[in-house]
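User: I have a chain open and want to go through it piece by piece. Can you take my questions as they come?

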Amino acid sequence: MNHGTDQDAALFELAEAALRNAHAPYSGFHVGAALRSDSGALHSGCNVESAAYPLTTCAERAAITAAVRAEGSRVRIVRLVVLARGRDGQLLPATPCGGCRQLLSEFGAGLELVFHDPEGKLRCMPIGELLPLAFGLPDPG
């Protein structure tokens, strides 16, 4: 897949840089994520593992946290790139976990997700295809 725009190329570069800083001593599964918000701003995150696995932070969640910190809680995500590598440096398939899919749908119901599938092909998919019928709270309105 062609990275398309300069912004897509920048997302891949940012995701790769984040991936290099991932802390994955237990699984060896290093993940970097980079997102573009509707303002055009780019944000990234990497996974950070803990021996207490429930305390591990996913790269996608770290990128969302960075976006909220920088732009506020009304930030909307339009595109997310996820890259993963094993201990040997080889690219691995990686889609967001269930919890990250839910969080992504809350910050970007129409966002496009770019990732490597199990065949090693680069795929682009709307979050709604990865998380159909996402949970949502009623509008307190």
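User: Where is Leu133 found?
Analyst: Leu133 is in the segment after α4. Bear in mind that this is a predicted model.

User: Is Leu133 buried or exposed?
Analyst: Leu133 is exposed, because its relative accessible area is 88%, and the cut-off for that class is over 50%.

User: What about phi of Leu133?
Analyst: Phi of Leu133 is near 55 degrees, a positive value, and the residue is not a glycine.

User: Back up a bit. How many helices and strands are there in the protein chain?
Analyst: The protein chain has 4 helices and 6 strands. Read from the N terminus, the order is α-β-β-α-β-β-α-β-β-α.

User: What is the radius of gyration of the protein chain, and what would a compact globule have?
Analyst: The protein chain has 14 Å, and a compact globule with 141 residues would have a value near 14 Å, so the two agree. The C-alpha trace spans about 50 × 40 × 30 Å along the principal axes.

User: What share of the residues counts as buried?
Analyst: Of the 141 residues, 42% count as buried. The accessible surface of the chain comes to about 7,600 Å², with 55% of that belonging to carbon and sulfur atoms.

User: And what part of the contacts comes from residues 24 or more positions apart?
Analyst: Such pairs account for 60% of the contacts with a separation of 6 or more.

User: Charges next. How many positive and negative side chains are there?
Analyst: There are 12 positive and 15 negative side chains, and the centres of the two sets lie 3 Å apart.

User: Now Arg79. Which strand is Arg79 in?
Analyst: Arg79 sits in strand β3, which covers residues 77–85.

User: Why does Arg79 count as buried?
Analyst: Arg79 counts as buried because its relative accessible area is 14%, and the class takes values under 20%.

User: What does the side chain of Arg79 make a polar contact with?
Analyst: The partner is the side chain of Asp8, at 2.8 Å. Leaving aside neighbours within four places in sequence, the contacts of Arg79 also include Leu11, Ala34, Leu35, Arg36, Leu111, Glu112, Val114 and Cys124.

User: Arg76, then. Where is Arg76 found?
Analyst: Arg76 is in the loop between α2 and β3. Arg76 counts as partly exposed, because its relative accessibility is 35%.

User: What does Arg76 touch, not counting residues up to four places away?
Analyst: Arg76 touches Arg36, Ser37, Asp38, Glu106 and Phe107. The C-alpha atoms of Arg76 and Phe107 are separated by 5.1 Å, with the two residues 31 apart along the chain.

User: Phe107 belongs to α3, I think. Which residues of α3 are buried?
Analyst: In helix α3, residues 98–107, the buried ones are Cys100, Arg101, Gln102, Leu104, Ser105 and Phe107.

User: What covers the buried residues of α3?
Analyst: The cover includes α2 (59–71), β3 and α4 (127–130).

User: Last one, Leu91. What is its place, and what is it in contact with?
Analyst: Leu91 is in strand β4, residues 91–92. Apart from neighbours within four places in sequence, Leu91 is in contact with Ala84, Arg85 and His116.

User: How is Leu91 classed by relative accessible area?
Analyst: Leu91 is partly exposed, with a relative accessible area of 38%. The C-alpha atoms of Leu91 and Val31 are separated by 9.9 Å, and these residues are 60 apart along the chain.

Key:
Residues numbered from 1 in each chain as written. Predicted model: local features only at pLDDT ≥ 70, side-chain atom pairs only at ≥ 80, totals over all residues. Heavy atoms only, no water. Helix = DSSP H or I, 4+ residues; strand = E, 2+ residues; numbered from the N terminus. Rg over C-alpha atoms; globule rule 2.2 N^0.38 Å. Buried < 20%, exposed > 50% of the residue type's maximum accessible area, 1.4 Å probe, protein only. Contact = heavy atoms within 4.5 Å. Areas by Shrake-Rupley, 256 points an atom, 1.4 Å probe, with all protein chains shown as cover. Lys, Arg positive; Asp, Glu negative; His and termini not counted. Charge placed at Lys NZ, Arg CZ, Asp CG, Glu CD. Polar contact = N/O pair within 3.5 Å; in protein donor to acceptor, adjacent residues only side chain to side chain.
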